[in-house]
Amino acid sequence: MTTRWGILGCARIALGHVVPAMAAVDGAVPAAIAGRDPERTARAADRLGIPRHHTSYADLLDDPGIDAVYLPLPPHLHHRWALRALRSGKSVLVEKPAVGTAAEADELVAEARRRDLLLVEATMYRFREQWASLRAWRDQHAPPGTPALLRAHIGYTLDAPADDHRRSRSSGGGALRDLGTYAVNAASALFGAAERGWLAQVRDGRAGTDADIDLVSAGGLVFPDGRVLAFDCDFRHAWVDTPLELRTPGGTAVLDHAFNPGTHPTELRVLRQGAPPETRPFAGADAYAAMVAEFGRWRGKGASSDFAAAEAHLLTTTARNTELLTSFESRGASGPA
Ligand SMILES: NC(=O)c1ccc[n+]([C@@H]2O[C@H](COP(=O)([O-])OP(=O)(O)OC[C@H]3O[C@@H](n4cnc5c(N)ncnc54)[C@H](OP(=O)(O)O)[C@@H]3O)[C@@H](O)[C@H]2O)c1
């Protein structure tokens, strides 16, 4: 079944990665794009071979030639436009972080179920084979009842302009929401709902202003059975290659390039005390294309497939676990939950 995509906004991630991935995937067609600036939108459509462009997001949602909407707006606009897209009868692929609160996640999931539509958060790293391999390691070495520790780092020096959404609290910016969300998403997928959390932050310092984002966040979540996420993320230091370690009583699995694998070959390294490291190689693949292909495989089954149910569960669990962390921000960002 073909999925005719509508793209809401000429975002860098859309033009640079996701639309080219759509064009490369069998059964995916970038059919229309909407943007606020008519000339820029027309240019983007022309360059990417998208046949129709709209100058209002609402017009794109009314376009009968669209089956699904890809939503790469700044984070504070995700919930509003995802809800409108679902209410227009379109399945939705919404960029990370999909929502700002758990209540927003619940509302989107309920709407998708009511209308039998597919709703997926675009955490693309999960759609490469290396991630399936880490899940298999979890199933084998950390089944329910077993302790495990997930360690994640993700960061780079933010050099975006002053009006970039990453630099604005009200737009959903800051390192925790932009980058830490990957670690929380991975832990939510591997361990489920957390019971407690902790968070420490270095903030921009312009207290009380919209620019007072977190530049560094370090924190963690505690899950049932003594499972733990420990992560740090930052906009301040040199780029780090997003390593992810899953430590279990049976050994440690290490994924390099975990959250931003690009299209390069990758590997899972298994470390066991007293044994040489084992490596499991994975061929290069485009995570964005894998995500678009998987979305297309399941879209026709609406909200009732196992895939749709797992995606809805992950979206709401990630939102709840994120709230455990962000609740510290209003309390000075440290101390037990
Ligand atoms: N999965 C990934 O690998 C990945 C990577 C990067 C970013 N992301 C996520 O993708 C989303 C977009 O990030 P980006 O850096 O690509 O964004 P961006 O380049 O800043 O683009 C955002 C787009 O949203 C539209 N927009 C509507 N209202 C806006 C407003 N008030 N302020 C600014 N833009 C507005 C604009 O499109 P028009 O003017 O054309 O309407 C703009 O081009 C974010 O949620 C981000 O976290 C994901």
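Rings of Phe, Tyr and Trp (its six-membered ring) pair if their centres lie within 6.5 Å; planes over 60 degrees apart count as edge-to-face. The model is predicted, and under this rule nine aromatic pairs are found in it.

One of the pairs joins Y125 and Y182: the ring centres are 6.0 Å apart and the planes stand at 70°, so the arrangement is edge-to-face. Y125 sits in the loop between β6 (119-121) and α6 (129-141), while Y182 belongs to helix α7 (residues 175-191), so this pair links distant parts of the chain, 57 residues apart. Both Y125 and Y182 are buried.

Y125 also pairs with F259. Their centres are 5.0 Å apart and their planes at 85°, so this pair too is edge-to-face. F259 lies in the loop between β12 (251-255) and β13 (266-271), and the pair therefore ties together parts 134 residues apart in sequence. F259 is buried, as is Y125. Together with W131, the residues Y125, Y182 and F259 form one aromatic cluster.

Next come the helices. Two packed helices are described by the angle between their axes and the distance between those axes. For α6 and α7 the angle is about 45° and the axes are 10 Å apart; the two helices are therefore oblique to each other. The crossing of α6 past α7 is right-handed. On α6 the contact is made by W131, L134, R135 and R138, and on α7 by A186, A189 and L190. Of these contact residues five are nonpolar, two are charged and none is polar.

Note on methods:
Residues are numbered from 1 along each chain as its sequence is written. This is a predicted model: local features need pLDDT of at least 70, side-chain atom pairs count only at pLDDT 80 or more; totals for chains, interfaces and linings use all residues. Side-chain values use heavy atoms; hydrogens and water are left out. Rings of Phe, Tyr and Trp (its six-membered ring) pair if their centres lie within 6.5 Å; planes under 30 degrees apart count as stacked, over 60 as edge-to-face and the rest as tilted. Helices (H or I, at least four residues) and strands (E, at least two) are DSSP runs, numbered from the N terminus. Buried means under 20% relative accessible area, exposed over 50%, partly exposed in between (1.4 Å probe, protein chains only). Axes are lines fitted to C-alpha atoms, for helices over the stretch in contact, and angles run from 0 to 180 degrees between N-to-C directions. Angles under 35 degrees count as roughly parallel, over 145 as roughly antiparallel, 65 to 115 as roughly perpendicular and the rest as oblique. A crossing is left-handed if the near helix is turned anticlockwise from the far one by less than a right angle, and right-handed if clockwise. Contact means heavy atoms within 4.5 Å. Ala, Val, Leu, Ile, Met, Phe, Trp, Tyr, Cys and Pro count as nonpolar, Asp, Glu, Lys and Arg as charged, and the others, Gly among them, as polar.
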